[in-house]
Amino acid sequence: MGHFPFFMEIGGKKGVILGGGRVAARKVEKLLPFGPVLTCIAPAIEEELEQLSRSGETLTFVYREACEEDLEGACFVIAATDKEEVNAWAAGWCRERHIPVNVVDDREKCSFFFPALIQEGPLTVGISTDGKSPAAASFVRKTMEQELPEGLGNTIEILGRLRERVLELLPEQKGRAACLEALFVYCRKRDFKAEEPELETYLAELLEASAPAKGGKG
Ligand SMILES: C[C@@]1(CC(=O)O)c2cc3[nH]c(cc4nc(cc5[nH]c(cc(n2)[C@H]1CCC(=O)O)[C@@](C)(CC(=O)O)[C@@H]5CCC(=O)O)C(CC(=O)O)=C4CCC(=O)O)c(CCC(=O)O)c3CC(=O)O
Ligand SMILES: NC(=O)C1=CN([C@@H]2O[C@H](COP(=O)(O)OP(=O)(O)OC[C@H]3O[C@@H](n4cnc5c(N)ncnc54)[C@H](O)[C@@H]3O)[C@@H](O)[C@H]2O)C=CC1
């Protein structure tokens with residue numbers, strides 16, 4: 001059975017990574033922009049991984065073999081050592097306690113997978129092959145990255161701000177949906193190049209058009 005792609009909030013949540021090699025580094029690099037509090041435990045930690053902590057205090061290192069108390073209170077765990085028995089032990093320990101666990105050397109033991117990931121501002125695309133071909137997931141990511149129009153992330157950021165206003169100003173659901181759809185269609189026609197002042201103007205026109213006729217109620 002496939003795995004469902006929940007987009008979960010992990011800001012401030014405790015994440016534990018066992019292992020400090022290339023694969024652990026790739027997982028940590030993906031997680032950091034989403035703001036978790038990460039601890040990485042391994043006797044030897046690659047420089048590539050240590051360097052990721054420059055930007056914030058949310059990544060700490062413990063230079064020893066993993067033990068049970070490392071996992072206690074974790075919101076999610078990534079078993080990324082090169083020792084099959086260590087990864088398997090962590091997987092079992094977490095599953096017994098209903099802690100989500102990712103096991104890099106055995107997809108059967110994972111309760112969640114890492115996707116191939118595209119991030120463009122607030123846009124997140126996660127791609128999975130249900131663990132069947134990470135290489136295929138990687139290929140789809142690269143193909144999609146080339147296809148996504150430049151400026152899309154910025155446009156979505158602006159649309160997010162305008163949306164707040166539309167939800168406040170238009171009382172009726174159908175009217176709101178039509179207005180938000182029209183805004184997006186406009187952005188698409190402008191090849192995602194329109195900046196906020198231009199979209200503000202267009203929104204004002206849309207709101208004007210949907211306002212009750214003069215002399216009406218209110
Ligand atoms: C189940 C899963 C669990 C998880 O790790 O989350 C998993 C498991 C395993 N991967 C293995 C191998 C490789 N994985 C990659 C690459 C990626 N692997 C990723 C995810 C996942 N890998 C999850 C499923 C995702 C899905 O549903 O498709 C990506 C998408 C995301 C990421 O890692 O962040 C990232 C591409 C990112 C991108 O390009 O965008 C490469 C290529 C490389 O390293 O460059 C190789 C070597 C080539 C090969 O073997 O194919 C092995 C065998 C290890 C061994 O041989 O010992 C296992 C174990 C098993 O299959 O049981
Ligand atoms: N899921 C994925 O995307 C991929 C998974 N893999 C798998 O990932 C595994 C790890 O690969 P790399 O990071 O390249 O290996 P690596 O050799 O670079 O790193 C292994 C790390 O595990 C640590 N370690 C060993 N024993 C430990 C213990 N008892 N407690 C805590 N840490 C311990 C080591 O100190 C080291 O930091 C491989 O064995 C391979 O099977 C490989 C490629 C992709």
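Biologist: Which element gives the most residues to the shell around ligand 1?

Modeller: Helix α5 gives the most, with five residues, where helices (H or I, at least four residues) and strands (E, at least two) are DSSP runs numbered from the N terminus. Before going further, note that this is a predicted model, in which local features need pLDDT of at least 70 and side-chain atom pairs count only at pLDDT 80 or more, while totals for chains, interfaces and linings use all residues. Residues are numbered from 1 along each chain as its sequence is written, and chains are lettered from A and ligands numbered from 1 in the order in which they are written.

Biologist: How many residues surround ligand 1, and which are the closest?

Modeller: A residue is near a molecule or strand if its C-beta atom, placed from the backbone, lies within 6 Å of it. Around ligand 1 there are 21 residues, the closest being Phe114, Ala116, Ser128, Pro134 and Ser138. The elements that give two or more residues to this shell are α1 and α5 (134-147).

Biologist: Which residues come nearest to ligand 2, and which element gives the largest share of its shell?

Modeller: Of the 22 residues around ligand 2, the nearest are Gly19, Gly20, Gly21, Val23 and Asp105, and helix α1 (residues 22-31) contributes the largest share, three residues.

Biologist: How should I read the sheet, and what is the order of its strands?

Modeller: Strands of a sheet pair through backbone hydrogen bonds, either parallel or antiparallel. Two strands pair here if DSSP finds at least two bridges between them. In this model an open sheet of five strands has the order β3-β2-β1-β4-β5, with parallel pairing. At the edges stand β3 (59-62) and β5 (101-103), each with a single partner strand, so one side of each is left without a neighbour in the sheet. From one strand to the next the twist averages 15 degrees, angles being taken from 0 to 180 degrees between N-to-C directions, with axes as lines fitted to C-alpha atoms, for helices over the stretch in contact.

Biologist: Which strands does helix α4 touch?

Modeller: Helix α4 (residues 84-96) packs on the sheet and touches β1, β4 and β5, its direction making about 160 degrees with that of β5; two residues are in contact if their C-beta atoms, placed from the backbone, lie within 7 Å. Within the sheet, four bridges join β1 (residues 14-18) to β4 (residues 76-79), and leucine 18 stands opposite alanine 79 in β4.
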